[in-house]
Amino acid sequence: PKVFYTQPDGAVKVIDGTVGDSVMSTAVRHGVAGIVGQCGGTLSCATCHVYLDPAEMDNFAEPTEDEDDMLECTASDREDNSRLSCQLTLSDGIDVHVTVPDEQV
Ligand code: FES
């Protein structure tokens, strides 16, 4: 699946992701600016915050309680479509569009 990362200035980076990887690890591996993933995906940093395309919210399971708690700790404001990208796992044939927030730390 392809992952489309949009920066706050509108620049888009498209990456061919691997099924089973997270949107966070895909970004880190390919040097996408603005996705830090400091804790390595263990839900303890919130530096992988993204805004998920509202049309794609249903492609993923609802945030767990732990993710929901961490979403209160993001550097940029939480929105209805805020997710922690380490919790978004790529599935076969399902492209993902996310926008990176202004600040992560
Ligand atoms: Fe730390 Fe997602 S990488 S919460």
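Visitor: What share of the 105 residues of the protein chain counts as buried, and what makes a residue buried, exposed or partly exposed?
Guide: A residue is called buried if 20 or more other C-beta atoms, placed from the backbone, lie within 10 Å of its own, exposed if 12 or fewer do, and partly exposed in between. By this rule, 34% of the 105 residues of the protein chain count as buried. Please keep in mind that this is a predicted model, in which local features need pLDDT of at least 70 and side-chain atom pairs count only at pLDDT 80 or more, while totals for chains, interfaces and linings use all residues. Residues are numbered from 1 along each chain as its sequence is written.

Visitor: What is the mean pLDDT of the protein chain?
Guide: On this scale, which gives the predictor's confidence in each residue from 0 to 100, the mean for the protein chain is 97, and 100% of its residues reach 70 or more. The model as a whole scores ipTM 0.99 and pTM 0.97.

Visitor: Why does the radius of gyration of the protein chain agree with that of a compact globule?
Guide: The radius is taken over C-alpha atoms, and the globule rule is 2.2 Å times the number of residues to the power 0.38. For 105 residues a compact globule would come near 13 Å, and the protein chain has 12 Å, so the two agree. Along its principal axes, the C-alpha trace spans about 30 × 30 × 25 Å.

Visitor: How many helices and strands are in the protein chain, and how are they defined?
Guide: Helices (H or I, at least four residues) and strands (E, at least two) are DSSP runs, numbered from the N terminus. By that definition there are two helices and five strands, and from the N terminus on they run β-β-α-β-α-β-β.

Visitor: What makes two strands a pair, and in which order do the five strands form the sheet?
Guide: Two strands pair if DSSP finds at least two bridges between them. The five strands form an open sheet with mixed pairing in the order E2-E1-E5-E3-E4. Strand E2 (12–16) and strand E4 (82–84) are called edge strands, since each pairs on one side only. Strand E1 (residues 2–6) pairs with strand E5 (residues 96–99) in the parallel sense over four bridges, whereas E1 and E2 pair in the antiparallel sense over five bridges. Tyrosine 5 stands opposite lysine 13 in E2 and also opposite valine 98 in E5. E1 and E2 form a hairpin with five residues between them, and glycine 10 in the turn has a positive phi of about 100 degrees.

Visitor: What is meant by a nonpolar core, and how many residues has the largest one?
Guide: A nonpolar core is a set of buried Ala, Val, Leu, Ile, Met, Phe, Trp, Tyr and Cys residues joined through C-beta atoms within 7 Å. The largest has 21 residues, and those with the most contacts inside it are Val23, Ile35, Val50 and Val98. E1, helix H1 (23–29), E3 and E5 each supply at least two residues of this core.

Visitor: Why does asparagine 81 count as partly exposed, and why does alanine 61 count as exposed?
Guide: Asparagine 81, in the loop between helix H2 (65–70) and E4, has 15 C-beta neighbours inside 10 Å and therefore counts as partly exposed. Alanine 61, in the loop between strand E3 (49–52) and H2, has 10 such neighbours and therefore counts as exposed.
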